[in-house]
Amino acid sequence: METVKTESNQNPIEETIFGEMPDGTKVKKFTLKNEAGMEVDIINYGGIMTRWTAPDKKGNYEDVVLGFDSLEQYLDGSPYFGALIGRYGNRIANGKFSLDGETYTLATNDGDNHLHGGEKGFDKVVWDGVAKTTEEGATVELTYTSEDGEEGYPGKLDVKVTYTLTNNNELDIQYEAVTDKPTVVNLTQHSYFNLSGQLSEPVLDHEIYLNADTYMPVDGGLIPTGEFREVAGTPFNFKEPKPIGEEIEAANEQLSLGGGYDHCWVLNEGEKDFRLAASAHHGETGRLLEVYTNEPGIQFYSGNFLDGTLPAKDGGTYAKRSGFCLETQHYPDSPNQADFPSVRLNPGEMYSSRTMYKLSTK
Ligand code: BGC
C-alpha cells in the first residue's frame, strides 16, 4: 500500500490507497489528524467518512461512525454510510419536479419516490481529492463535475466539498456548487454516529437535542405532507435532551410511518445564520456531538432500516438502530412544495452551505 506524506508542520495528512474500482480507478483514503490526537478518514469514493476516532471522558479514542473496512463492501451496497449526498438530499415525490415550465423525471429508487440523488448519486462517484494543511487544520478538498442531465437533473453542476479537521475536534464541512442552467441542489452528509464506540450496538441510550419547535409530518412514502407541526407534547419534542429510545416505541402515527424517527425538523433561527442545530450525548463514555449549520432543516434518522445483516467494522453486524444520522439540509421534496425555502440554483449564483460536527466530552 502506497503512503504519501503531505507537506505540513503539525498536522500531516496521510494519503493511502483504500481500494480499486471495477474499472481499475484507485480510490484514495485521506487521514486527517489534529494536535489533540483525533483522526478522520475520508475516501474519494462518495466522499465517504469511513472512520472518526474520538476520546471518551477518560481519553480513550474509539471510532464513532458506522462504515465498512473495504471498498468492496461499500460497492456491494451501503445505506449511505458516511457519504456525501447529492444532487438532492432526501426525497423528491414521484421522481418529478418542474422548473420554468419544464418537467424533469428522476429515478424512483425508493418506492415511488426519488431518494438521495438517484441510482448513482454523489455517494457512488469518484471525486477528485486534494489534501491541504491550512490555518484552520487538516483539509481535504473534493471536487466533482456532474454533467448536464446526470440522473435526470438539469445543468452541469460543479461541486466542491471541503472537509477540515480543526484542533478543537471539529469537522467543518463546506459545500459549494455552480451550475450552467437553472437547477435544484440540496447537499448533505450521511454519517451514522454511535458515540459509545460499540458500533454494532443500538444507540437508544444516546440523548438527542434538536433546536426545533416544529417538524414535518410525512405520508406513507416519507414525503412531507406540507404541514409544520409543533413538537410540544409529542415524541418529536427534543427541545430538552432526551434518549432516542425514550418514546421511539410510543403509539404515534408518525413514528409508525417512519419505523421510528425519520423526519425533518425545522430548525429555529439562531442569532446568526450558523447556529447549533442538534446535539447527541452518550452518558457512559461522556462523548458529546454538536451539529452546527446554516441550513433550515435537519433530518434525524434513527437507523430504523439497519437490520443486523451488514458487517460492522468491529466484527459484529449493524443491528437495528445501531447508528443515528443528523443530516443538515433544505426540506425534503422542496422542488414540489412552493411554501418551502427554495432549492433553486441559477447560473451566476453560488450554492453555499456549511455544517460543523464537533466532538467533546461532558
Ligand atoms: C432517510 C431514510 C433512508 C436513509 C437511507 C435517510 O436520510 O431519511 O429514510 O432510509 O437515509 O439510509
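Predicted model: local features only at pLDDT ≥ 70, side-chain atom pairs only at ≥ 80, totals over all residues.
Buried here means under 20% relative accessible area, exposed means over 50%, and partly exposed is in between, using a 1.4 Å probe on protein chains only. Residues are numbered from 1 along each chain as its sequence is written, and side-chain values use heavy atoms, with hydrogens and water left out.

**Aromatic pairs around Tyr261**

- Searching the whole structure turns up 29 aromatic pairs; rings of Phe, Tyr and Trp (its six-membered ring) pair if their centres lie within 6.5 Å, with planes under 30 degrees apart counted as stacked, over 60 as edge-to-face and the rest as tilted.
- Phe238 and Tyr261 are edge-to-face, because their ring centres are 5.1 Å apart and their planes stand at 75°.
- That pair links distant parts of the chain, 23 residues apart: Phe238 is in the loop between E20 and E21, and Tyr261 is in the loop between helix H2 (253-258) and strand E22 (262-267).
- Helices (H or I, at least four residues) and strands (E, at least two) are DSSP runs, numbered from the N terminus.
- Tyr261 counts as buried, at 0% relative accessibility.
- Tyr261 also forms a stacked aromatic pair with Phe300, at 5.3 Å centre to centre and 25° between the planes.
- Phe300 sits in strand E25 (residues 297-301) and Tyr261 in the loop between H2 and E22, so this pair ties together parts that are 39 residues apart in sequence.
- Phe300 is buried too, with 0% relative accessibility.
- Elsewhere, one aromatic cluster is made up of Phe18, Phe68, Tyr74, Phe81, Tyr192, Tyr301, Phe305 and Tyr318.

**Charges over rings**

- A charge sits over a ring if NZ of Lys or CZ of Arg is within 6 Å of the ring centre and within 35 degrees of the ring normal.
- Lys242 lies over the face of Phe238, 4.3 Å from the ring centre.
- Arg354 has its charged end over the ring of Phe274, at 4.0 Å from the centre.

**Thr234 and its loop**

- Thr234 is in the loop between strand E20 (229-230) and strand E21 (242-243).
- Thr234 is buried, with a relative accessible area of 18%.
- A polar atom of the Thr234 side chain is 2.7 Å from the backbone oxygen of Val231.
- If you leave aside neighbours within four places in sequence, Thr234 is in contact (heavy atoms within 4.5 Å) with Lys242 and Glu247.

**Sheets and strands**

- An open sheet of 9 strands runs in the order E12-E13-E14-E15-E28-E24-E23-E18-E21, with antiparallel pairing; two strands pair if DSSP finds at least two bridges between them.
- Strand E12 (128-133) and E21 are the edges, each with a single partner strand, so one side of each has no neighbour in the sheet.
- E21 pairs with strand E18 (residues 207-210) in the antiparallel sense over 2 bridges, and Lys242 is the bridge partner of Ile208.
- Strand E19 (residues 212-216) is largely enclosed by the rest of the structure, because 4 of its 5 residues are buried.
- E19 runs antiparallel to E22, joined by 4 bridges, and Met216 stands opposite Cys264 in E22.
- E19 is also joined to E20 by 2 bridges, again antiparallel, with Arg229 in E20 as the bridge partner of Tyr215.
- Strand E2 (residues 14-20) has 5 of its 7 residues buried, so the rest of the structure largely encloses it.
- E2 and strand E3 (residues 26-33) run antiparallel, joined by 6 bridges, and Glu14 has Thr31 in E3 as its bridge partner.
- E2 and E3 make a hairpin with 5 residues between them, and Gly24 in the turn has a positive phi of about 95°.

**Ligand surroundings**

- The ligand is surrounded by 13 residues, the closest being Arg91, His190, Tyr192, Asp262 and Glu327; a residue is near a molecule if one of its heavy atoms lies within 4 Å of it.
- Arg91 has a polar side-chain atom 2.8 Å from an oxygen atom of the ligand.
- An N or O atom in the side chain of Tyr192 is 2.8 Å from an oxygen atom of the ligand.
- For Asn90, an N or O atom in the side chain is 3.2 Å from an oxygen atom of the ligand.

Technical notes. Polar contact = N/O pair within 3.5 Å; in protein donor to acceptor, adjacent residues only side chain to side chain.
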